[in-house]
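Please look at the sequence and the structure below. Some questions and answers about helices and strands follow.

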Amino acid sequence: MNPKVATTILPGSTSADAHAATALTAFGITKSYRNGWLGRRNAVLRGAELTVRAGEVVGLVGENGSGKSTLMKILVGALAADDGTIVRSGTLGYCPQEPLVYARLTCDEHFDLFAHAYGMTTAAAETSRQALYEQLGFARYAHVRADQLSGGTLAKLNLSLALLPAPDVLLLDEPYAGFDWDTYQKFWGLVAQHRNSGRSVLIVSHFVVDEDRFDRIIEVRDGKAVPR
């Protein structure tokens, strides 16, 4: 079955206005993987559906191997679905579970590279960079290469690169793995700041500790995304 082309609704268009209250919607998402060269196909997602509204924080939970990260990658366009449709309103920021960094680049060089890719102005990128350094407390590592960072600092950089352009929808896959308690609290401060500005956050985790921090929690189970 050929996957449908994901539909992107850009800010400022008439269609986007009609979907102003919805930041991200997925319909009938299916995905299977083949076990071995001639093996049977293993269905991971079986018509999963999900909606993230503007200005809310949504948790996406499920057991290991349930398809949480697969669904997240499909939502951001990093992985093709077998079938289904995705409607996006606005810009996306993505923090993958494994840091998407370059070993020989410093933190500052990562910010420069990603700012250029996002099309940010020099002034906007610098303002955002300095704010993230201060909020997450890793400015002293600005000139340190990624392969010399601790796991916790690498996680801070990984998160910061997703936050850099202040996207309308922030998708985070296990973002606080490796954070100490202080950084964990700072993380939730950033999430609250993002939500209070009218933006949306979707957080993938295999368990949820602070359920009161979420507006809604969705569980991926048996290939579906169901409210919990």
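Q: Which residue in β10 is the bridge partner of Ile-218?
A: This is a predicted model in which local features need pLDDT of at least 70, side-chain atom pairs count only at pLDDT 80 or more, and totals for chains, interfaces and linings use all residues. Residues are numbered from 1 along each chain as its sequence is written, and side-chain values use heavy atoms, leaving out hydrogens and water. Strands (E, at least two residues) and helices (H or I, at least four) are DSSP runs, numbered from the N terminus, and two strands pair if DSSP finds at least two bridges between them. β9 (residues 216-221) and β10 pair in the antiparallel sense over four bridges, and the partner of Ile-218 is Pro-227.

Q: Which strands stand at the edges of the open sheet?
A: The six strands have the order β6-β7-β8-β4-β9-β10, with mixed pairing. Each edge strand has a single partner, so one side of it is left without a neighbour in the sheet. The edge strands are β6 (92-95) and β10 (224-227).

Q: At roughly how many degrees do the axes of α3 and α5 cross?
A: Axes are lines fitted to C-alpha atoms, for helices over the stretch in contact (heavy atoms within 4.5 Å), and angles run from 0 to 180 degrees between N-to-C directions. Angles under 35 degrees count as roughly parallel, over 145 as roughly antiparallel, 65 to 115 as roughly perpendicular and the rest as oblique. The axes of α3 (residues 107-118) and α5 (residues 151-163) come within 10 Å and cross at roughly 25 degrees. That makes the two helices roughly parallel, at a crossing angle of roughly 25 degrees.
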